[in-house]
Amino acid sequence: MAKDNLTAVLYGIEDLRLEQRPIPEIADDEVLLAMDSVGICSSDVQYLVNGRIGDFIVTKPMVIGHEAAGVVAKVGKKVKHLAVGDRVACEPGIPCRYCDHCKVGKYNLCPDMVFCATPPYDGNLTRYFKHAADFCFKLPDHISMEEGALLEPLSVGVHACRRAGVGLGSRVLVLGAGPIGLVTLLAAEAMGAEKILITDLVQQRLDVAKELGATHTLLINKNDTAEDVVKQVHAVMGAEPDKSIDCCGTESTTRVSILGTRSGGCVVIVGMDVAEPKIPLMNALVREVDIRGVFRYCNDYRAALALITSGKINAKRLITHHFDITETAKAFETARYIHVGAIKVMIHVQPRGINNKV
Ligand code: NAD
Ligand code: ZN
């Protein structure tokens with residue numbers, strides 16, 4: 001096996017370095033992956049720019065990256081379902097498996113979760129990465145490695161729509177057309193929503209949303225009040241949404257989500273912009289609008305993979321830029337500035353396309 005294990009390590013604010021790391025040894029229930037594709041997430045960018053997200057603070061060097069797919073290079077003795085050469089997507093969070101949350105199946109709430117590129121745990125923008133085998137999902141031949149990496153954000157969209165109870169005939173408002181808003185749109189469509197209105201401050205992102213199947217788009221003017229936006233949403237949609245999914249998490253989008261949702265409907269908050277926004281709680285209460293949180297995903301990778309495998313969802317359109325791992329700094333520059341039209345920036349750890357079968 002090659003000795004090269006080039007790895008992208010975040011040392012602190014604005015200090016991302018490429019360096020060699022030892023190739024990890026695997027345990028019996030793990031696989032060693034030769035990483036292929038790693039997408040950049042807005043959280044990776046936030047760690048680079050701010051060194052923290054809420055209480056998660058980069059205090060020691062951390063390997064960046066968590067939206068990933070790779071090829072199995074070694075299997076542990078106890079691993080039955082994977083073999084060397086299998087192409088897999090990796091679900092990046094490994095829970096303890098023993099706590100009450102894990103036992104009842106809500107493992108995303110496990111307090112001892114080890115999640116890639118969430119301090120203090122290393123991520124997987126590296127040539128060789130070891131991972132729990134049961135959190136690796138084998139990709140069918142017609143699915144590309146890049147699509148495998150996209151299963152990570154897509155699983156957030158699937159989880160958000162499941163939390164909202166999106167189903168046949170749902171009228172869904174999605175706030176924010178960043179990668180997370182767009183995957184939520186794709187999931188809502190696949191789950192049978194009748195109407196989906198998506199909002200953003202940037203027309204270019206709404207244009208992509210339209211291409212991806214949004215029935216309605218609404219360009220928001222930053223100076224509009226939440227009440228103004230709600231009126232526009234109802235007028236453009238020709239209905240009140242019964243599900244609103246806030247993929248920004250700003251005070252104004254959360255206000256719009258609550259005020260705009262039909263009585264008896266459901267608001268789901270995915271965006272994490274403001275920790276303690278001022279929200280119209282009484283309005284939600286007297287109209288029995290449920291407010292629910294989303295934390296990543298839980299048992300959603302399989303469904304996300306099925307949606308891509310069946311062709312119900314084409315997530316590839318989200319990828320706007322490609323870089324080699326040696327160009328990691330440039331890739332992050334591109335992901336930071338949406339005026340260059342970046343939605344999903346993909347980093348290729350191996351020559352682009354080398355592990356794709358079609
Ligand atoms: P992003 O910053 O790329 O996208 C946010 C979008 O919202 C941008 O296009 C922006 O123009 C738009 N926007 C900002 N203010 C708006 C407004 N008032 N009205 C309408 N649109 C507005 O981020 P992303 O990668 O799409 O992630 C979205 C959010 O989801 C982030 O806060 C991220 O931290 C969070 N997130 C949460 C989870 C979770 O488990 N809860 C998982 C992944 C991401
Ligand atoms: Zn646990």
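Let's start with disulfides. Counting a disulfide as a pair of cysteine sulfur atoms within 2.5 Å, the total here is 0. Take Cys136. Its closest cysteine sulfur is in Cys90, 5.4 Å away, which is too far for a bond. Cys136 is also buried, at 4% relative accessible area. By buried I mean under 20% relative accessible area; exposed is over 50%, and partly exposed is in between, using a 1.4 Å probe and protein chains only. Now Cys247. The closest cysteine sulfur to it belongs to Cys248, at 7.1 Å, again too far for a bond. Cys247 counts as buried too, at 14% relative accessibility.

A word on the source. This is a predicted model, where local features need pLDDT of at least 70, side-chain atom pairs count only at pLDDT 80 or more, and totals for chains, interfaces and linings use all residues. Side-chain values use heavy atoms, with hydrogens and water left out, residues are numbered from 1 along each chain as its sequence is written, and chains are lettered from A and ligands numbered from 1 in the order in which they are written.

Next, the sheet. Helices (H or I, at least four residues) and strands (E, at least two) are DSSP runs, numbered from the N terminus. 3 strands make an open, antiparallel sheet, in the order β2-β1-β6. Its edge strands are β2 (15-20) and β6 (62-63), each pairing on one side only. Pairing requires that DSSP finds at least two bridges between two strands. β1, residues 6-12, pairs with β2 over 6 bridges in the antiparallel sense. Leu10, for instance, has Leu16 in β2 as its bridge partner. Across β1, β2 and β6 lies helix α1, residues 42-50, at about 50° to β1. Those axes are lines fitted to C-alpha atoms, for helices over the stretch in contact, and angles run from 0 to 180 degrees between N-to-C directions.

On to α4, residues 179-190. The expected span of a helix is 1.5 Å times one less than its number of residues. How much of α4 is buried? 9 of its 12 residues, so α4 is largely enclosed by the rest of the structure. Among them are Leu182, Val183, Leu185 and Leu186. What do they pack against? The buried residues of α4 meet α3 (145-164), β13, β14, α5 (203-211), β16 (243-246) and β20 (344-348). Contact means heavy atoms within 4.5 Å. After α4 comes Gly192, with a positive phi near 100°.

Compare α6, residues 226-237. Its 12 residues should span 16 Å, and the end C-alpha atoms are 16 Å apart, which agrees. Buried in α6 are Ala226, Val229, Val230, Val233 and Met237. They cover an arc of only 105° around the axis, which puts them on the same side of α6. That arc is taken from the directions from the helix axis to the C-beta atoms. An α-helix has 3.6 residues a turn, so residues three or four places apart point the same way. Lys231 and Ala235 are exposed, on the face of α6 turned away from the buried side. The buried residues of α6 pack against β13 (171-175), β14 (195-200), β15 (216-219) and α7 (251-260). Just after α6, Gly238 has a positive phi of about 70°.

Last stop: Thr199, in β14. Thr199 is buried, at 4% relative accessible area. Leaving out residues up to four places away in sequence, its contacts include Leu173, Leu175, Leu206 and Leu218.
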